Structure formats: structure tokens, C-alpha cells
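The following paragraphs walk through the packing of a protein chain and the spaces left inside it. Please keep the sequence and the structure in view while reading.

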Amino acid sequence: MDTAIITGASAGIGKAAAQLFVDDGFRVFNLSRRQCDIAAVESIPCDLSSEASLRQALEVLEPELPGAGRIGLVHNASQIRSDRADHCSSADLLEVLQTNLVAANSLNQLILPTMKPGSSVIYVGSTLAEKAVAWCFSYSVSKHAMAGMMRATCQDLMGRGIHTACVCPGFTNTEMLLTHLGNDQQLIESLATNNSFGRLVEATEIAALIHWVHHNPAVNGSVLHAHLGQKES
């Protein structure tokens, strides 16, 4: 049975993607601290910022992999902090990199050897994978690195029939973004007017792109931006 393994599928983009894969007949696993409330999704409790928690989750997931058909591995979970280059300790940077980057590598090490042709590895990046703004230092660093991880993954999987891509959302209407903005309505509205449609991207729109990428290997190695046409400053 074709299988989708999605980190952070308890809310936002991950949950919306999980629903699309369920609707498409996939067996879907969610790796996150919270349960996904979609009945068909199988949640494996996991704190991606903790190596010990991740190891425990991988022990639960590993026995399920040999019987899987084609796999869509979606590295979606991440954390964002308000920090700067001159005010971000190496310890804090390491914590963000563990969640946003190292956990993806750990999952790859377990799952890639089991993947059949037609499988995919999809990284959920950000517009900040190729640009930066103030007060998003560790997040920007991690997303730049994620785009590099995707490109390296593409090269290393040549000839195996497994494709990869980095989907980069713009400002998206998710719990994570709204919390990061302190639910400041004025700031939210300001960001919403920063593109040609005058609104935030919806999680379902990014999910639809993730689902499409899995089914379209022609985009192998691509960075795909989905931001409604952001204004360039």
C-alpha cells in the first residue's frame, strides 16, 4: 500500500497534506508531539527536537516500512524563533537545526533504503530558503540548509527512481505563523498585503502542491515557491 510519512501532520500544512494523501488511498503516518485528529492517520508521538524521542519513534515506524509500497516522505515540521545573528547562541541554533534539519536526515537514513521507485522525498522549506529577513536568523539558516539537503539528496539518489523537491511556502495562514507573530492582527494584515493577491497563503494550497509534487517526478531537484507573488523589497 502506498504510504505517506509526514512530520508535523497534527496541524497546518502537514495536516492538510495528510488529508489529501488519505483521500488518495495512502496509508498515512504523522510524526509529531500532538495527535492528528484525522481518523485514518496513524500518529507516532515524536518530539523532533529530541534525539531520544526521535529514536523511539523510528523504532515504532521501522517495522511498518518493509510492507509499504511507494513512499511519500514529507519533511514538514519545523520551529521558528525570533532571533538575530548577534543574539543567537550556538546552543539555540543547534536546537533549531535539530528540529528543522537533523531530524529530516535521521528519517532519511531509516526510510531511504526501503524506498521503491516512484517514491519521493519532499522538503517543506520557505521563501527564507533563498532570502532572509531580520529576526529570523536560525530559521533562515535552517531553511537555506534544507534547500541544500534537497539538492544533495537529488544527486545521491540518481538512477533509483526516487524524486525530491523543496516546496517553499510564503506567509501561510497556520498556527505556527500566527503564534510567531503574537497574533498581532495589524502585523498579520501587513504581511497579507505583501503579495499580489492581498492575503495569506492557505495551508490547503501548499498541501495541494506537496501532493502534486509526489505524483510528478519531472520536478526532481526543484525548489518550488508558493507565495502568491511576493513583492520584492
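The second largest cavity has a volume of about 40 Å³, where a cavity is a set of points, on a 1 Å grid over the protein atoms alone, at which a 1.4 Å probe fits but cannot get out, and a volume is the space filled by probe spheres set on points joined across faces, edges and corners. This is a predicted model, in which local features need pLDDT of at least 70 and side-chain atom pairs count only at pLDDT 80 or more, while totals for chains, interfaces and linings use all residues. Residues are numbered from 1 along each chain as its sequence is written, and side-chain values use heavy atoms, with hydrogens and water left out.

The second largest cavity is lined by Gly170, Phe171, Leu191, Asn194, Asn195, Val201, His227 and Gln230, lining residues being those with an atom within 4 Å of a point. By class, this lining has 3 nonpolar, 5 polar and no charged residues; Ala, Val, Leu, Ile, Met, Phe, Trp, Tyr, Cys and Pro count as nonpolar, Asp, Glu, Lys and Arg as charged, and the others, Gly among them, as polar.

The structure holds 2 cavities of 30 Å³ or more, and the largest cavity contains about 40 Å³ of space. Around the largest cavity lie Thr7, Leu48, His75, Asn76, Ala77, Thr99, Asn100, Ala103, Ala104, Leu107 and Met146, which divide into 6 nonpolar, 5 polar and no charged residues. Helix α3 gives the most to this lining, with 5 residues; helices here are DSSP runs (H or I, at least four residues), numbered from the N terminus.

Which residues of α3 meet α4? Leu93, Val96, Leu97, Asn100, Leu101, Ala104, Asn105 and Asn108 in α3 meet Phe137, Ser138, Tyr139, Val141, Ser142, Ala145, Met146, Met149 and Thr153 in α4, contact meaning heavy atoms within 4.5 Å. By class, the contact of α3 with α4 has 11 nonpolar, 6 polar and no charged residues. The axes of α3 (residues 90–111) and α4 (residues 137–156) come within 8 Å and cross at roughly 20°, which makes α3 roughly parallel to α4. Axes are lines fitted to C-alpha atoms, for helices over the stretch in contact, and angles run from 0 to 180 degrees between N-to-C directions; those under 35 degrees count as roughly parallel, over 145 as roughly antiparallel, 65 to 115 as roughly perpendicular and the rest as oblique.

Helix α3 also packs with helix α2 (residues 51–61), at an angle of about 30° and with the axes 11 Å apart, which makes α2 roughly parallel to α3. Glu51, Leu54, Leu58 and Leu61 of α2 make this contact with Gln98, Ala103, Ser106, Leu107, Leu110 and Ile111 of α3, giving 7 nonpolar, 2 polar and 1 charged residues by class.

Notes. Helix = DSSP H or I, 4+ residues; strand = E, 2+ residues; numbered from the N terminus. 1 Å grid on protein atoms, 1.4 Å probe; cavity = no way out; pocket = protein on both sides within 12 Å on 5 of 7 lines; lining within 4 Å.
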